[in-house]
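Student: I would like to go through this structure with you and ask, for each description, what it rests on.

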Amino acid sequence: MRSFAHPVPGPSRPGRVPSVAEPSGGGRLRRLAGLIRKESLQMVRDPSSFMIAGVLPLLLLFIFGFGVTLDLRRVPIAVVIEWPSTEADSFLASFRNSRYFEVRFARNRKAVEHDLVSGRLKGVVVLAADFSDRLGRGETAPIQVLVDGSDPNTAGLVQTYVQGLWSNWLDQEAAARDTLVDRPRAAPPVVTEQRTWFNPELDSQYALLPGAVAIVLTLIGTLLTSLVVAREWERGTMEALLATPITPGELLAGKIVPYFALGMIAMALSVVVTVFGFGVPFRGSVWALVAISSAYLAVMLSLGLLISTLAKNQFAASQGALITGFLPAFELSGFIFEIDSMPTPIRLLASVLPPRYFVSSMQTLFLAGDVPSVLVPNGLVLMAMAAVLFVALVRATPVRLE
Amino acid sequence: MWQRIRTLIIKELLAVWRDPKGRFVLLVPPVIQMLIFSYAATQEVKNVRVAVLNQDMGIYARDLVAHFEGSPNFREVVHLRADADIAKVIDSRSVLMVVHIRQDFSRAVSAGRQASVQLILDGRSSNASLILGGYAQQIISAYNTELSPTLRGPPPAPASVVVARSWFNPNLDAFWSTVPSLVAILVALEGLMVTGLSVARERELGTFDQLLVSPLGPGEIIVGKTAAAFLVGMAEGTLMVTVAVAFFHIPLTGSVALLYASMAVYLLAILGIGLFISSLANTQQQAILGTFSFMVPMMLLSGFASPVENMPDWLQYVTLANPVRHFMVIVKGIFLKAMPAGDVLNSLWPLVLIAAATLTGSTRLFRRRAG
């Protein structure tokens, strides 16, 4: 490794950085202020910082607000009626009136089966030629449902919704005293009443958008900062910095402060858009939001800087940030996928990674309010993680060149 | 000219392969992502904790609780003692659902009155709540059928039943859908990363100027960089398909040649986007963040996180420009549905258009910025 050092810090912009080689006596503070100023300028001058703090959060919230929804809506299906009859017609009509399905009608199943392969249909409901005959004879008349298993989640929901529609149809037919369908159907002895707390309409956006804030903070905290130290190594300016009298603590503080500020601004922006733009309630307190976000941001910043320090190369650092920061925030946070449903090793992995503690806290703050039994343990875990990572970071930060 | 381009391709391949960190980054993260994502990206709900508050001493209530305890979908059924416990366990997220059986339940059932069970769900996990509500309903239906004959004699034959069958994935196994989708997503991610960064790195390190003063013209630089990234991308794709088949045992029912032909077109469309980022970005930071700004929306609007049909109509039109969306249909079709060539073509021609558009657009931009 090259071991010469430039006498002037920051060779790329020598004039902008205050001299850091002054003796102490207020010098330390001035040195730190100078470093913070240098990092802030570097951050502000690169338009991509604004992109990640301003444009990307809005884009993400927009996509989660409109694009990611698991609520079925107008699923394309076909209803095949092999032999027309009054019962079959009224069955078809109840599908046509459903807001969940977009129904195509066909006379035989050969005509539509191929569209299940091409993906133009998600399901096919078949009433066989003997449907009415069997009903008339008092036998059980089967209704066949074929679903496209290549999308198991939709397939399962289509099955459930068809079942629900069918059961309503039976009730309606019985109520209309249609001779064929009217058979004594005992009222079920036990019924359920369902209450969903915090989100009575089960609007999936209410759960997704608070989680999306976590993704935004992860991108700024880990992805952006993972490049910061690696860049200095790659360009050779790290050696220049190390040749100055700054301590590792000062070096780190100079890098943490501006990105922390950027992260908090992006967090505030995301929360404002979530609440006022998408109408998601915010039932917690602002101070709890600031406290828990600061703790999470501290973890993610330390992680990003640690990756950066170890990788020393921006491509490797960005891959590291992707694997340890972004992907866990997306998939191991309980934000889209339920953590409890994952196999044990993955569940363990999720519980040593920070995002799940933050996503759970955010969902609680938005929808339930300040619930100490969620926020306190999560906050403590995040603070402990921040402390461990920060110690590792200080140790990994070189004092001088080897 | 071809000699020069060949040399550039070799140089590019050496640049990503030569240092151990570069090799590691190309091989290990995609495989880790594939493994973790496959296991994590499931919308199934199982192994969750639920709670029961049973305030009825009767036999019917005890039977019903036993039905809940016997369900394979719950990891643990916690027993609560008082009304106040409901808020405690739900608020702290220690359970996702509470089944509340009130004290007159058994009396109502034995008197032939309709008895009701209250389900309390946590709306913070809206998808899980939806599915759990369904499970509880099924358990109670099963209990009802068991209860009916004992209370009212044998039931009449039902007028009709629903017989459901699932094609292409008979057990509705989530892996079968997630793993092929991941092939599409990870190929795009790696393709974008490699092309997006390659020019930006040379710019940042100053070697790009050296390339420009070499006998290579801007067109040749583009061809060389794209060809190298293309080779890397196809190799990554092969690695993913191999992991899908050998490790996850996903059936590959369709034509492998068709899969490769489509993957090649798809990769070209992605590389066009990567080159576009590359020609705009001055620093690697800009290139990486640019890659992200494309990758995340492309992934979320591809049908992977949620079906395209659920989106509002105007957004569905926007997704037509998304190469991942089209390749997702092809890769799932060829893996699971033995999709015939005609249907593959339906999704392939939009990809050809996207590839033509991104490649010509980014070549123009690149020439302008380099010249």
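Student: What share of the 371 residues in chain B is made up of buried residues, and what makes a residue buried?

Tutor: This is a predicted model, in which local features need pLDDT of at least 70 and side-chain atom pairs count only at pLDDT 80 or more, while totals for chains, interfaces and linings use all residues. Residues are numbered from 1 along each chain as its sequence is written, with chains lettered from A and ligands numbered from 1 in the order in which they are written. A residue is buried if 20 or more other C-beta atoms, placed from the backbone, lie within 10 Å of its own, and 49% of the 371 residues in chain B are buried.

Student: Why is chain B called more spread out than a compact globule?

Tutor: Chain B has 14 helices and five strands, these being DSSP runs numbered from the N terminus (helices H or I, at least four residues; strands E, at least two). The radius of gyration, taken over C-alpha atoms, is set against the globule rule of 2.2 Å times the number of residues to the power 0.38. For 371 residues that rule gives 21 Å, and chain B comes to 28 Å, well over it, so chain B is more spread out than a compact globule. Its C-alpha atoms fill a box of roughly 95 × 45 × 40 Å along the principal axes.

Student: Which domains does the assignment give for chain B?

Tutor: The bounds, which come from an automatic or database domain assignment, are 2-41 + 171-370 for domain 1 and 48-152 for domain 2 of chain B. The C-alpha centres of these two domains of chain B lie 48 Å apart.

Student: What makes the span of helix 9 of chain B close to the expected one?

Tutor: The expected span is 1.5 Å times one less than the number of residues. Helix 9 (residues 218-247) of chain B has 30 residues and reaches 42 Å from its first C-alpha to its last, close to the 44 Å expected. Just after helix 9 of chain B, His249(B) takes a positive phi of about 55°.

Student: How many residues of chain A are in contact with chain B, and how do you know that strands of the two chains pair?

Tutor: Contact requires C-beta atoms, placed from the backbone, within 7 Å, and 101 residues of chain A are in contact with 100 residues of chain B. Pairing requires that DSSP find at least two bridges between two strands; strand 5 (residues 190-197) of chain A and strand 4 (residues 115-122) of chain B have eight, in the parallel sense. Within strand 4 of chain B, Leu121(B) is the bridge partner of Thr196(A).

Notes:
A residue is buried if 20 or more other C-beta atoms lie within 10 Å of its own, exposed if 12 or fewer, and partly exposed in between; C-beta atoms are placed from the backbone.
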